[in-house]
Amino acid sequence: MAAVWQQVLAVDARTLRRIPGLRVPELQAQMNRAVYDERPPGSLVPTSVAEASRAMAGDTTLSENYAFAGMHHIFDQHVDSAVPRLQFANDDKRLLACCSLDGTLSIMTLSPPPPTVKVTLKGHAGPVTDFAWSLSNDIIVSTSKDGTLRIWNTEDGRCIREVADPEGSELLCCTFQPMNNNLTVVGNSKHHLQVVNISTGKKVKGGSSKLTGRVLSLSFDAPGKILWAGDDRGSIFSFIFDMATGKLTKAKRLVVNEGSPISSISARSWISREARDPSLLINACVNKLLLYRVVDNEGTLQLKRSFPIQHGSQPLHSIFCPLMSFRQGACVVTGSEDACVYFFDVERNTKAIVNKLQGHSGPVLDVSFNCDESLLASSDTTGMVIIWRREQK
């Protein structure tokens, strides 16, 4: 079986997109899952976009590849209200969404020029704390301090369903189950996380658990078998997710630093040829960006690297770069409270900063790449969203 998947994975992602009716993100998730499940321990894992990565990145050094410099556009529709989260649509170069503490979300289109706000999602009665795109990009789910989860049609901005938290508590984070987008996990201010069926708006039986603090961050591994959740007390919990029932089983707990909020968790099955282990990228209000190795099937974590940033109180987020090729080195990107965006090479022992972007006037809360890494978006506490373009050689 693994050999068959290896042949499939050799196909360039852009070739796959030309096949009528094929939904590349879902196929890619399935391929990632197959390789993740069947690989020999310690083996080199290719990806379904390896050839596309090479083609798009070219024969450049890591520093050249992440030489973002110019501002492509600045969005200020949420000015004076922080934009805590932003994310490009899945497998997309032009669609970007963000949420704001002003109670709204925006969906923006970056091409054809000029970049514009396509639609504004209005309905929440309180600050919007988090959101997530579905794999097919036709739906966005969002959470708010008004105690509701909302499901939106991304084409016309219509609210399809509103789901109230049964405890009446603030909802602080959400994420789709990667292999079943009918299920969404939400975390609230009363320390609970819950699996919700967005088609019915009902909680999934057995799909709830309690953490030690307010649930601030969530991330699944690529196969959707392990869920990590971080709280404001400094703990990261791992849960085994039952694919058939949606049931959550608590597995492991790691205290990163007592009392330091875990504001961001990002999972990646592997980062590069040199960094082949499943990894977790963590922002934890300890003035460092933390990279953990996932050491077993229960989500046990082992610290691998840390990178200095200014992070003491703000809900900062970080990401892995989306293109994973066989070039040497691999980058992660994070916001920082010094109003800068930092690129770090996870394999450099010294001088790990690959690039530093300056232009924000407040702490940078979130960052997001489009699918081919030609654009990077960043947001801050003043409500500004900056789109950065790769420097043309």
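## Salt bridges across the chain

E170 and R214 pair up in a salt bridge, with the closest N and O atoms 3.8 Å apart. This one links distant parts of the chain: E170 sits in the loop between β9 and β10 (171-177), while R214 sits in the loop between β13 (202-210) and β14 (215-220), 44 residues apart. E170 counts as partly exposed because its relative accessibility is 26%, and R214 is partly exposed too, at 29%. Keep in mind that this is a predicted model.

The count of salt bridges comes to 13. Another one joins R85 to D130, where the closest N and O atoms are 3.0 Å apart. R85 belongs to strand β2 (residues 85-88) and D130 to strand β6 (residues 128-133), so this pair ties together parts that are 45 residues apart in sequence. How accessible is R85? With 21% relative accessibility, R85 counts as partly exposed. D130, on the other hand, has 4% and counts as buried.

Then there's R293 with D277, a salt bridge of 2.8 Å from N to O. Here strand β20 provides R293, and D277 comes from the loop between β18 (264-268) and β19 (279-283), 16 residues apart. R293 has a relative accessible area of 21%, which makes R293 partly exposed; D277 is partly exposed as well, with 29%. Salt bridges with shared partners also join R85, D130 and D366 into one network.

## Aromatic pairs

The model has five aromatic pairs. One of them is F343 with F369, an edge-to-face arrangement with 6.4 Å from centre to centre and 70 degrees between the planes. F343 lies in strand β24 (residues 340-345) and F369 in strand β26 (residues 364-369), so the pair ties together parts 26 residues apart in sequence. F343 is buried, with a relative accessible area of 0%. F369 has 8% relative accessibility and counts as buried too.

There's also an aromatic cluster, made up of F307, Y342 and F344.

## The largest nonpolar core

Which residues have the most contacts inside the largest nonpolar core? They are L289, L291, F307, V332, F344 and V346, in a core of 17 residues. β24 gives the most, with three residues.

Take V346 as a close-up. Setting aside neighbours within four places in sequence, V346 is in contact with I271, L291, R305, F307, A330 and V332.

## A buried histidine

H360 is found in the loop between β25 (353-358) and β26. Is H360 buried or exposed? H360 counts as buried, since its relative accessibility is 8% and the cut-off for buried is under 20%.

The H360 side chain makes a polar contact of 2.6 Å with the side chain of S378, and another of 2.7 Å with the side chain of D380. Leaving out neighbours within four places in sequence, the contacts of H360 are A339, S378, S379, D380, M384, I386 and W388.

## An exposed glutamate

E155 is in the loop between β8 (148-153) and β9 (159-164). At 58% relative accessibility, this residue counts as exposed.

What joins E155 to K118? A polar contact of 3.4 Å between the two side chains does. E155 and K118 are 37 residues apart along the chain, with 8.7 Å between their C-alpha atoms.

Terms used
Residues are numbered from 1 along each chain as its sequence is written. This is a predicted model: local features need pLDDT of at least 70, side-chain atom pairs count only at pLDDT 80 or more; totals for chains, interfaces and linings use all residues. Side-chain values use heavy atoms; hydrogens and water are left out. Helices (H or I, at least four residues) and strands (E, at least two) are DSSP runs, numbered from the N terminus. Buried means under 20% relative accessible area, exposed over 50%, partly exposed in between (1.4 Å probe, protein chains only). A polar contact is a pair of N or O atoms within 3.5 Å; within protein, one must be able to donate a hydrogen and the other to accept it, and residues adjacent in sequence count only if both atoms are side-chain atoms. Rings of Phe, Tyr and Trp (its six-membered ring) pair if their centres lie within 6.5 Å; planes under 30 degrees apart count as stacked, over 60 as edge-to-face and the rest as tilted. A nonpolar core is a set of buried Ala, Val, Leu, Ile, Met, Phe, Trp, Tyr and Cys residues joined through side-chain atoms within 4.5 Å. Contact means heavy atoms within 4.5 Å. A salt bridge is a side-chain nitrogen of Lys or Arg within 4 Å of a carboxyl oxygen of Asp or Glu.
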